[in-house]
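Have the structure open in your viewer and follow along, selecting as you go.

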Amino acid sequence: MACSQVLHGIGLDCSNSMGGIRKVWIASYPTSGAPYTISSDVVTALNSNLEWHTFSFKKNTGSMTSTLTVDPANGVNYVSTEVVLQFSRMETAKRVAIAALALSDVVVIVEDCNGQRFALGASEAVNVTAGTGQTGTAKGDGNYYQITLTDEFDTFPPMLSDDVTITAVD
């Protein structure tokens, strides 16, 4: 029996579309209840028990990439999303925050440079899957920590409704 889905076309978008991400909020994955409410493929509410933290980084040093994996023979169809964040200047406070993040199950909201916000961790926790610290070689090289957060979901990350607000504690 064939699986049936309702197909829709995609029209030409003539608006400006900038690359990159501008802001990331991270919270511990909830011990009870879902992290988000998704209605009509849009996040319409956040779990009120989540305590959001802002992770700030310099312009042009963060990215989000979603990769669709399909294997018809095994019936596999999922999207792996990686958020890569680079934090300039290696220092103790950043090292401690990254170490704690690496041991945590989290929920992530990413705002891109177009003002769109994406929710990661809808069905299971997001985790740190890679990280580096780099001093650089020459005086002009970067000195930074870089981490990769990975989410796996059955589709590309859902967007947040414009009326959903995020209140960060820091």
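**A strand pair to start**

Select β9 and strand β10 (residues 144-153): the two pair in the antiparallel sense over seven bridges. Strands here are DSSP runs of E with at least two residues, helices are runs of H or I with at least four, and both are numbered from the N terminus; two strands pair if DSSP finds at least two bridges between them. Zoom in on Gly133, whose bridge partner in β10 is Tyr145.

A word on the model: it is predicted, with local features needing pLDDT of at least 70 and side-chain atom pairs counting only at pLDDT 80 or more, while totals for chains, interfaces and linings use all residues. Residues are numbered from 1 along each chain as its sequence is written, and side-chain values use heavy atoms, leaving out hydrogens and water.

Now widen the selection to the open sheet of four strands, ordered β5-β6-β10-β9 with antiparallel pairing. At its edges are β5 (63-71) and β9 (127-134), each pairing on one side only.

**Colour by confidence**

Finally, colour by pLDDT, the predictor's confidence in each residue from 0 to 100. The chain's mean is 92, and 95% of its residues reach 70 or more.
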